[in-house]
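Dear colleague,

I am handing over the structure below, and after it I set out what was found when the model was examined. Please keep it open beside the text as you read.

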Amino acid sequence: MYSRYFRRTPRPSRSRRPNRPRGAIRATRTVRAGGVLLAATTLLVTACSTGSSTRTTTTSADAVLAALPRATPSTLSSYYDQKLTWRSCGVSGFECATMKAPLDYAKPASGDVKLAVARKKATGPGKRIGSLLVNPGGPGGSAVGYLQSYAGIGYPAEVRARYDMVAVDPRGVARSEPVECLTGRQMDTYTETDVTPDDKKETGELVDAYKKFAEGCGRHSPNLLRHVSTVEAARDMDILRAVLGDPKLNYVGASYGTLLGATYAGLFPDRVGRMVLDGAMDPSLSARKLNQDQTAGFETAFQSFAKDCVRRSDCPLGGPGTSPDQVGKNLSAFFKQLDAKPIPTGDADGRKLGEALATTGVIAAMYDQAAWPQLRQALTAAMKDKDGAGLLALSDSYYERDADGKYANLMFANAAVNCLDLPAAFSTPDQVEKDLPAFEKASPVFGDGLAWASLNCAYWPVRPTGEPHRIEAKGAGPILVVGTTRDPATPYAWAKALASQLSSGVLLTYVGDGHTAYGRGSVCIDSTIDRYLLQGTPPAKGKRCA
């Protein structure tokens, strides 16, 4: 996943949660596609320049992430022994602190990176189990924001009673020395760039957009850009574990957060406590394969949306009896109209709705079926009334653009991590054109755009340090891997693959729609995960929930 799209855990609306409030990091769920699409990537394990001392015996997709030595190197002692100074966050019930980690693990003396940490102490009753670290995905999603807006108040009361709820923004993300790349105006131009070029001129414009984005990141964050890999972020988590006084790491990660958690397990298998990986990624896949699989995942989600849409009286893409394939053709035809003639949105900055922003808006709604009514309304307004405001709002929520035209650093961090973790999916436009049929087969609706979006890492100013690899984490306790059968961003096959790679992986399946499963309304899923977190008891092999 190396594209402007990325994956993060969507934030369902609180009303969707019958027994506890929900709101999460990914988006304001109005929608907020929190995340997902071509983005998470994995960090390889030969990782030389990442500062990791890990090595693999091969460089193929069969390479296995090697565990680090159990003994803490003396050069890292000062980091592991540091004391955090907790202070008020300005959010009731939460404390914040700043933790230091080496910028370069291979050269700890060369400088530090400061990481933002937040926690909410266990409320009781019941004996405290320890700390529970949470991460919503991305890469680029703010874990601290997720903790304060959802996990620290919306996780089951029983879990919050017995765990200190903790989050750290990974290096380069949000409050932790964020990667910076473009101004708001520049990002507007970037997000509006046509990602389905019709000729050489438009192809050149897209390439120029990717180059300007990469150059901006290299200019504003030249040193940090080399040290935001998943392996380094996982090593930072172990420092936090030690600083918090926990012998083992208890963790819930969603979407890209599953890659981060699995990487931690591979590096420190003996320090794994109770670990939940929801909406799992497969670290053994190349960037191209990840992107193509995700393209197929969005098509699967769109097919579900299409079947639901035509049963509704307000569906603008077809009526009863219209096939999902025809719904897709109708949407594609609308995208082509926007490509030729964007429509007004009423935006204060004068932005119009073209094909690129409209596609992003639709993709944003694929993360969570709770957003489907909003998508139908937005499409109706755009297709019948030539009013693009609704789709623009969905797109803005995906990119984390506020009403003042400012963007969070989500997209910057997303690209920085992905482009460092794996070699680029494509190196040239010619390679994309050669692979277009495969992507279009995976998704007639989104394939063209997602193939071209996969070109963005080709012009990155920093060479990748990772490669595809397996993660076995031999010696770790049971790790719960959760997969949703119609997940658009992290296809179910990835969860099955990760569970099979992990020596102690246990697969829990949610038969349904949407990105990730925990806290989305399934009593079966929630009770199974809660039992594991509270009692350490994983479900029986092959457990499925609807």
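**Helix 9 and its surroundings**

In this predicted model, the buried residues of helix 9 pack against helix 8 (287-309), helix 10 (355-365), helix 11 (372-385) and helix 12 (389-399). The buried residues in question are Pro324, Val327, Gly328, Leu331, Ser332, Phe334, Phe335 and Leu338. They cover an arc of only 160° around the axis, which puts them on the same side of helix 9. Asp325, Lys329, Lys336 and Ala340, in contrast, are exposed on the other side of helix 9.

**Strand 5 and its partners**

Strand 5 (residues 130-135) is mostly covered, with 6 of its 6 residues buried. It is joined by 4 bridges to strand 7 (residues 163-168), and the two run parallel, while 4 bridges also pair strand 5 with strand 8 (residues 249-254), again in the parallel sense.

**Backbone points to look at**

Most residues other than glycine have a negative phi, and most peptide bonds are trans.

- The peptide bond from Gly124 to Pro125 is cis, with omega near 0°, and Pro125 sits in the loop between strand 4 (112-120) and strand 5.
- Gly138 and Pro139 are likewise joined by a cis peptide bond, here with omega about -10°, and Pro139 is found in the loop between strand 6 (137-138) and helix 2 (143-154).
- Ser255, although not a glycine, has a positive phi of about 55°; this residue lies in the loop between strand 8 and helix 7 (256-267), and Ser255 is buried, with a relative accessible area of 0%.
- Ala473, also a residue other than glycine, has a positive phi, near 50°; its place is the loop between helix 15 (447-453) and strand 10 (479-486), where Ala473 is buried, with a relative accessible area of 5%.

With best regards

Technical notes: Residues numbered from 1 in each chain as written. Predicted model: local features only at pLDDT ≥ 70, side-chain atom pairs only at ≥ 80, totals over all residues. Heavy atoms only, no water. Buried < 20%, exposed > 50% of the residue type's maximum accessible area, 1.4 Å probe, protein only. Arc of directions from axis to C-beta. Contact = heavy atoms within 4.5 Å. Pairing = 2+ DSSP bridges.
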